[in-house]
Amino acid sequence: MAAWIVFLLICFALSTATAFLAAEPKIDGPGADPARAASSPLASFLVVWFVLFFSFFYLPQFLLGLLEQATGAPQVFGLPLILALLVVGLPALLLCWRERGNLAENRRDLSAVSGRASLARYWAKQPLECLLLALVAAMSVYNIALRSFGLPGGFESQAYVLPNSLYLVMTGSLQPWSDGATHTYPANQAIYNAVFLRLLPEGMVSVVNPPFLVPLIASVYAMARALGAGTRASLLAAVGIVSVPLVGKQAFGNYTDIAGTAFITAAIYLVLARPALRISCLFVAGLSAGLAFGFKSLHLVSIVFLCAALVVQEVFWRGGPGTEPAVSRIPRALVVFGLGVLLTSGFWLLRNYVNYGNPVYPAELPLMGDLFGWRGALDADLTGQSATQFNWVKSVAGWLVYPWVEWHYNDQGYSGRSGLGIFFAALFPASLLATGVAVFKGAFGPSQATADGYAAVWPRILLHLAGAAFVIMAWWVADNRQPRYAVASMAFLFPVFAWTLSQLAGRAGQVVNVCLAVAIAATFGLYLSSQSIRFVSKSVLVPSRERHSMYEYPQAIDHLPAGAKIINLTNRAGNYKLFGQGLSNQVVAYVDAVRLLAPDYPAEKRTLSTPTELGEINLCRPEVRDSGATHLYAHGNVTIADCDEMRLVEVDRLAVNKVNNKPLPNPRILYAIDKAAN
Amino acid sequence: MIDPEDNTGRRGALPLCLAVVILASMAVYLVTSVAFWGDIDKIITYAEKAMKLLG
């Protein structure tokens with residue numbers, strides 16, 4: 001544990017020093033650049049700090065993961081990790097030492113901007129918006145406090161993220177815990193959660209999400225300011241993005257998407273706004289985009305768009321007298337950005353290429369699959385993905401009036417994390433109108449348009465809208481229209497919303513601001529209520545706070561001897577709980593259990609199967625014996641054929657719902673596998 | 001020239017037009033959104049259940 005604390009402290013020190021060195025130059029006083037009057041040094045510092053901290057956090061682990069890939073021996077343990085961090089951090093350390101004079105000066109500049117007096121002045125200028133920001137901070141603390149009393153929940157967490165984390169904690173390996181499709185995704189979230197599992201009580205792993213709101217909010221704010229939006233409008237949009245249920249419920253719930261959303265938003269900010277950092281902005285953007293890919297590989301879509309955006313920027317906006325021609329600037333920009341992306345995502349690409357012959361496994365890229373033979377996972381059944389959209393709309397045409405007409409309810413199964421919310425609904429049509437006016441006047445209007453500031457801003461706004469459209473259309477064409485997959489479109493749109501709000505004036509503007517603030521606060525009220533109710537129902541109104549009681553499984557699972565290995569034949573979400581009270585049991589994942597016990601069941605249906613659909617389930621197979629499994633966990637409605645060589649002996653069962661004392665329709669049964677029986 | 005600091009915005013019909021569109025869009029959402037009211041409905045139901053259980 002001590003080694004891990006030292007590791008985190010070194011990450012903190014390295015990222016803080018490097019972020020100070022990278023900080024945006026002074027924005028006022030003699031020598032300041034008047035063109036950068038709308039820069040936001042504190043926001044950009046926070047974004048860069050987060051990207052650098054997590055880069056220093058992951059890169060040493062990836063380095064050891066590569067060693068494991070080459071040698072086959074797991075490597076990610078405390079002391080080797082510190083040594084790897086020193087290797088990875090050495091260039092940053094040398095840079096900070098060489099530039100220590102500048103580092104100290106930058107730190108003083110930034111302290112002046114972020115000092116108490118400066119922040120108080122800032123609060124006094126926009127009290128309503130700052131109050132909303134404080135509300136987000138208070139909600140985060142409240143969320144962390146409530147969750148620390150409970151146990152980890154959420155489907156993805158329990159099905160594969162936390163099992164991958166525990167596998168890493170137990171073995172020091174960055175290889176997937178199981179070869180089932182969902183277990184083989186890039187696993188940044190699992191590595192992050194593993195730190196909490198190592199250092200804190202199990203319940204605290206539920207509190208991992210709110211910190212990622214900091215880079216998310218800071219990125220949207222800084223992007224909005226770079227588009228020329230006012231401070232009030234920028235703050236409103238930055239807080240407003242948290243009021244999008246798709247984003248907010250991820251941050252305050254058990255989901256696993258918010259970190260990826262935050263890092264792709266940071267990458268979008270660093271590419272589209274190009275803050276004047278003292279280190280390469282595009283390199284940091286690349287690091288951030290690679291981190292986003294490692295959390296959710298679906299952000300590859302946004303990375304492709306950012307590459308195209310770089311080309312557009314270099315061709316149309318970044319040239320000028322005395323600069324190199326675009327043909328030499330474009331490759332350099334792409335290489336610097338791509339280098340950053342590869343540094344923080346290369347390990348996952350290489351691992352999956354070596355293991356499965358496809359760097360983006362278990363996904364399959366269009367064209368690439370045929371061109372390079374990169375095939376997706378056999379057990380990832382995508383035939384039903386088109387139907388998932390009908391959780392949100394009743395027909396395909398319904399998307400035209402979404403989110404004004406939608407029919408899902410809060411926490412209704414899979415769609416609980418969805419929804420675009422009232423802020424989006426309020427601003428989206430107005431932003432299209434404002435953009436239309438800006439394009440019309442900026443591109444075709446008389447010279448007065450230039451004085452209005454449209455001429456400079458309309459191409460940048462169009463680039464933001466193009467980014468949102470690209471992400472949405474990519475998932476549309478892929479026939480997978482769940483809003484959460486296109487969440488990066490929010491990062492492109494919200495700065496435009498802020499710019500739209502800045503076009504308002506006088507009393508009308510004030511009325512709109514107040515209405516939006518009330519809408520945001522009301523949405524936060526909904527989050528707070530549902531969190532509190534969930535806490536009461538899951539953590540207070542429970543017959544017992546013991547793990548087996550809260551997760552509702554037979555108590556014997558918590559008291560199995562060392563080395564026990566349980567085959568999970570219930571469902572995918574059951575994977576995590578079977579690790580038991582001490583998180584020391586070994587578990588055979590549900591998809592692997594299906595492969596072991598029902599080998600004739602079609603591979604492409606394994607992931608979404610239920611045990612009652614499997615047909616003949618046969619324990620007496622050499623593969624089961626070789627798996628080393630000692631126990632099997634199943635529901636009572638499943639019939640399992642055993643034999644003289646391998647017999648199932650019931651160890652414990654949970655037959656009654658402990659909350660209402662009614663019999664369970666299907667008791668939950670733990671069996672021992674008696675291999676010695678004859 | 002817009003002053004991004006004081007957020008005074010533009011003159012003419014555009015600001016008023018945008019304000020009307022924003023407020024109208026918000027009002028339509030509040031009338032038609034099943035999700036928003038569904039959230040509130042669900043929370044009230046949960047709260048009632050919790051109150052009963054707490055006695």
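This is a predicted model: local features need pLDDT of at least 70, side-chain atom pairs count only at pLDDT 80 or more; totals for chains, interfaces and linings use all residues.
Trainee: What makes α17(A) roughly antiparallel to α21(A)?

Mentor: Helix α17 (residues 421-444) of chain A and helix α21 (residues 506-540) of chain A pack at an angle of about 155°. Angles over 145 degrees count as roughly antiparallel, so α17(A) is roughly antiparallel to α21(A). Their axes are 8 Å apart.

Trainee: Which residues make that contact?

Mentor: From α17(A) come A:Gly421, A:Ile422, A:Phe423 and A:Ala426, and from α21(A) come A:Leu516, A:Ala519, A:Ile520 and A:Thr523. They divide into 6 nonpolar, 2 polar and no charged. Gly counts as polar.

Trainee: How do you know that the span of α8(A) is close to the one expected?

Mentor: Helix α8 (residues 188-199) of chain A has 12 residues.

Trainee: What covers the buried residues of α8(A)?

Mentor: The cover includes α2 (41-71), α7 (155-171), α12 (258-272) and α13 (281-295) of chain A. Among the buried residues themselves are A:Ile191, A:Tyr192 and A:Asn193.

Trainee: Which residues have the most contacts inside the largest nonpolar core?

Mentor: They are A:Val220, A:Ala224, A:Ala237 and A:Ala267, in a core of 198 residues. Helix α2(A) gives the most to this core, with 17 residues. Another core, of 7 residues, lies apart from it and includes A:Ala181 and A:Val360.

Terms used
Residues are numbered from 1 along each chain as its sequence is written. Chains are lettered from A and ligands numbered from 1 in the order in which they are written. Axes are lines fitted to C-alpha atoms, for helices over the stretch in contact, and angles run from 0 to 180 degrees between N-to-C directions. Helices (H or I, at least four residues) and strands (E, at least two) are DSSP runs, numbered from the N terminus. Angles under 35 degrees count as roughly parallel, over 145 as roughly antiparallel, 65 to 115 as roughly perpendicular and the rest as oblique. Two residues are in contact if their C-beta atoms, placed from the backbone, lie within 7 Å. The expected span of a helix is 1.5 Å times one less than its number of residues. A residue is buried if 20 or more other C-beta atoms lie within 10 Å of its own, exposed if 12 or fewer, and partly exposed in between; C-beta atoms are placed from the backbone. A nonpolar core is a set of buried Ala, Val, Leu, Ile, Met, Phe, Trp, Tyr and Cys residues joined through C-beta atoms within 7 Å.
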